[in-house]
Amino acid sequence: MSVLSRLYLGLNLVIAAAFAGHMALADPATRIVSVGGSVTEIVYALDQQHRLIARDTTSVFPAEARQLPDIGYQRALAPEGVLSVAPDMILAIEGAGPPETLDVLRAAEVDYISVPEDFSAEGIARKIRTVGAALGRQDAAEALAGQVSAEIAAAQAAAAKAAGGAPRTVLFVLSTQGGRIMAGGADTAADSIIRLAGGANAVTGFAGYKPMGDEAIAQAAPEVILMMDRGGDHGIRTEDLLAIPAIQPTPAAQNGAIVRMNGLHLIGFGPRTASAITELNQALYGGGG
Amino acid sequence: MSLAIDAPAAAGPGTDRRVQARRLTVVLAALLAGMSVFSLAWGASGTSLWGALGDLAAGRELSRLDRIILFDIRLPRLVLGVLVGAALAVSGALLQGLFRNPLADPAIVGVSAGAGLAAMAAIVLGTALPAAVQQAAGSYLVSIAAFFGSWIAILVLYRISTRGGRTSVATMLLAGIAISALANAGTGMITFMADDSQLRDLTFWNMGSLAGATWAKVFAAAPVIWLALLAAPFLARGLNGLALGEAAAGHTGIPVQRVKNTAILTVAAATGAAVAVSGGIGFVGIVVPHLLRLATGPDHHSLLPNAGLLGASLLLAADMISRVAVAPAELPIGIITAVLGAPFFLWILLRRFGSMGI
Amino acid sequence: MQAYDIRVTLGRRAILKGVDFEARPGEVTAIAGPNGSGKTTLLRAMTGEVPFSGRVLLNGHDTAAMKPWQLAAIRAVQPQSAAIAFPFTVLEIVRLGLRAGLAAADSDLPLRALAQVDLAGFAHRFYQDLSGGEQQRVQLARVMVQVWEPVRDGVPRWLILDEPVASLDIGHQFTVMDLARSYAARGGGVVAVMHDLNLTAMFADRITLVHAGRVAADGVPAEVLTHDTLAQVYGCPVPVNRVPPAGVPYLLPQARAV
């Protein structure tokens, strides 16, 4: 108990100090909690990171963001945990929750900005503008949005050229738990990034992330398998992946066409999407185009 | 805990255990009161209960943040924790009495899984119900579904594992595994059918947590759990008699069938409501009654109320760990009860294998 | 207590094929018979533990129409063996025989009953730690507490015992059978399934001898326990009232003055 109570006391002191600081400043939000990897990236891209006081588990880029206190998984936020860092604004990607927590946060008069999620170039621009408006940096946001849109348009055009009108089919594998393949269907971030990078989603039968049957995978015959690189030993090893019966007969497996990319970079749909498009495109069609 | 003080010597309890049990009730009530205050006073944020009470005493207004943290976050969470903890512990004691076996626990024998499946089905498929039904059920829809889910699970379990009034422990545990597996298959099915926003609800709900405590949830669960807790003491004599076996219980004047049906309904209501608002929280139902039996014996007249009190305290303690262990994030409370409870369960299992076999 | 035309079928096998039975208050009535004859099934049918056809009257009332608590007020049934689910003490088990169970107000009946079955001082031991014979006597103490006075409000009460001396040594066999006799002598009714014919002869007022699902003989011991009847029922010669050949030691409980 003594360690816990000392921790508790310490925590209280820190929070008391934080509250004191908070009272002195007021108006433009200076104690911001950022929820969602792409939202946090945008805050950094707008050079407003000094106003961040906490982040969610998915906010891992840039590396400095990891230094911020972690308030948990974006869909399972605890109300008192969030309030304990004494935020005056919460910038959260659409879909953060649960709703009970959001109700309490709104009742506590914390500014809650929901950032709309849409897996497209326009969607990214809208995210940037929303975040910029919330931070009072409309002009910088407008500039960033224009720049990011232009980069994406260029990357997309280059990607389409590399594909040369014959897009390769790509299967996005979210997880392989117990040999069961969770694949990305239509209306997913994976589907969008594959198309932007000049590929074609091998999955056409369903929307969302769903477990996919062995025969369905064989029939989809993807030329490339795309996975998230989780770092450490979380990801499945290539030989293990190729040992899964559903994967074996696919052209991707036979040619060893397995592509791994950082998850947040690949499907975060933040300011770095253009580089994700280029990287994926090069992985699909070979470097240099 | 102070329980060990009252534990009987191995040779047998020397004095009347009823007196000890009554004393223990007082101790446990005081413990729960203490835990409640502690739980109100302790949280990730700096809001202080004492500061707030001082303000109120001095006639000052509380700040909006303090008011929200105390009355909209900590208080409903405290009430929900007490209700869920008491419901789970009493459900465990009732199930064990019903099956004449100390290893029955709502989570282990698949009752919670049944409730969970039904609750998830209500979340995902509830929108397909006629508008009038949705309107009538309102926020109770998930609770009601969970009740029927756990009810059906207990009925199936009882039919499978009890033959001629005797319960085979092995059959009960295996049937529990089968029921859980079946319910999990159903859960997988539901997850597959869920759209993205429903999936979010399921994810959160699945983890077993009091973090989503709101007054709405308290009001949805409280009447059901309250009724179940009120009904439980009336089953005490019947469950004591059942320890003799069904036939012998009947000969002492106990309406065996009615006791069994009432116990099953009570467990279904309490477990269903608890699971509906807090997800899967395991092992409270097995740890608490077992400790109490060690301390003051198996008499259900004292076991049931004491289980309610200790279960509530235990869950509040687990919840406090869940709040501060990784603050400002939270650890799901189901993980904490499992970490504490699973070794305990194994210990009971091994001891039973050692002494009388299963 | 009367039973008429009791029939029990378990699976496809007829265990009892129309048994009539009568026991009177103030008497010890024994049900005897070889293994598998249906004597225990007859007892279980009459106490409602197995489904049966026929009619059972207790003090003139049809038991099928009586509630469990009405039956429990005038009849207590001792099971043949009883494993207990939880670590109850001996005293707690005996107290379960009280009308309100463990919630009953303090009463000295349980301790007196324990003393009568020669278990004084066992009250706070764990039931599970006792030997089979001791457990059996605890169960007897429990059922005696349930119907302590043999006659209440002018109505006789009943002790129904399923092989009450099965795992007891000879001293405690006497203890238990003496209690049964005394209960009957004070106006109560006792019905007991018995295995030991000598003890039966000694303590029973009447014997119903069951064989192959029917009543083979019925009456006072002297009428029922004859060489011819026993030889036919048990399928071997059973000499009655004859001293064994010289050199074989034999024990006759009857040698004790009843």
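In the predicted model, 7 residues of domain 1 of chain A are in contact with 6 residues of domain 2 of chain A. The side of domain 1 that touches domain 2 divides into 4 nonpolar residues, 2 polar and 1 charged. The domain assignment of chain A places domain 1 at 2–115 and domain 2 at 164–285.

Chain A also holds an open sheet of 4 strands. The strand order is β2-β1-β3-β4, and the pairing is parallel. β2 (52–55) and β4 (111–115) of chain A stand at the edges. Each has a single partner strand, so one side of β2(A) and one side of β4(A) are left without a neighbour in the sheet. On average, neighbouring strands of this sheet are turned by 20° against each other, direction ignored. Within the sheet, β1 (residues 32–35) and β3 (residues 89–93) of chain A pair in the parallel sense over 4 bridges. In this pairing, A:Val35 stands opposite A:Ala92 of β3(A).

Helices pack on this sheet. Helix α2 (residues 37–45) of chain A touches β1, β2, β3 and β4 of chain A. The direction of α2(A) makes about 130° with that of β1(A). Helix α5 (residues 121–135) of chain A lies across β3 and β4 of chain A. It runs at about 165° to β4(A).

Chain C contains an open sheet of 6 strands with mixed pairing. The order in chain C is β6-β9-β10-β3-β11-β12. Here β6 and β12 (214–219) of chain C take the edges. Each of these two strands has a single partner, so one side of each lacks a neighbour in the sheet. Neighbouring strands are turned by 15° against each other on average, direction ignored. Strands β9 (residues 158–162) and β10 (residues 189–193) of chain C pair in the parallel sense, over 5 bridges. The bridge partner of C:Leu161 in β10(C) is C:Ala192. Helix α1 (residues 39–46) of chain C lies across β3 (28–32), β9, β10 and β11 (206–211) of chain C. Relative to β3(C), α1(C) runs at about 130°.

In chain B, a helix pair was examined. Two packed helices are described by the angle between their axes and the distance between the axes. Helices α7 (residues 141–161) and α8 (residues 169–193) of chain B pack at an angle of about 140°, with their axes 9 Å apart. The two helices are therefore oblique to each other. α7(B) passes α8(B) in a right-handed crossing. From α7(B), the contact is made by B:Ala153, B:Val156, B:Leu157, B:Ile160 and B:Ser161. From α8(B), B:Thr171, B:Met172, B:Ala175, B:Gly176 and B:Ile179 take part. By class, this contact has 7 nonpolar residues, 3 polar and no charged.

Chain B also touches both other chains. Its contact with chain A takes 25 residues from chain B and 32 residues from chain A. On the side of chain B, the elements giving two or more residues are α4 (64–99) and α9 (196–206). α4(B) gives the most, with 6 residues. This side of chain B has 14 nonpolar, 6 polar and 5 charged residues.

In the contact between chains C and B, 27 residues of chain C meet 25 residues of chain B. On the side of chain C, α2 (68–74) and β6 (75–78) give two or more residues. α2(C) gives the most, with 4 residues. By class, the side of chain C that touches chain B has 18 nonpolar, 6 polar and 3 charged residues.

Key:
Residues are numbered from 1 along each chain as its sequence is written. Chains are lettered from A and ligands numbered from 1 in the order in which they are written. This is a predicted model: local features need pLDDT of at least 70, side-chain atom pairs count only at pLDDT 80 or more; totals for chains, interfaces and linings use all residues. Axes are lines fitted to C-alpha atoms, for helices over the stretch in contact, and angles run from 0 to 180 degrees between N-to-C directions. Angles under 35 degrees count as roughly parallel, over 145 as roughly antiparallel, 65 to 115 as roughly perpendicular and the rest as oblique. A crossing is left-handed if the near helix is turned anticlockwise from the far one by less than a right angle, and right-handed if clockwise. Two residues are in contact if their C-beta atoms, placed from the backbone, lie within 7 Å. Ala, Val, Leu, Ile, Met, Phe, Trp, Tyr, Cys and Pro count as nonpolar, Asp, Glu, Lys and Arg as charged, and the others, Gly among them, as polar. Domain bounds come from an automatic or database domain assignment. Two strands pair if DSSP finds at least two bridges between them.
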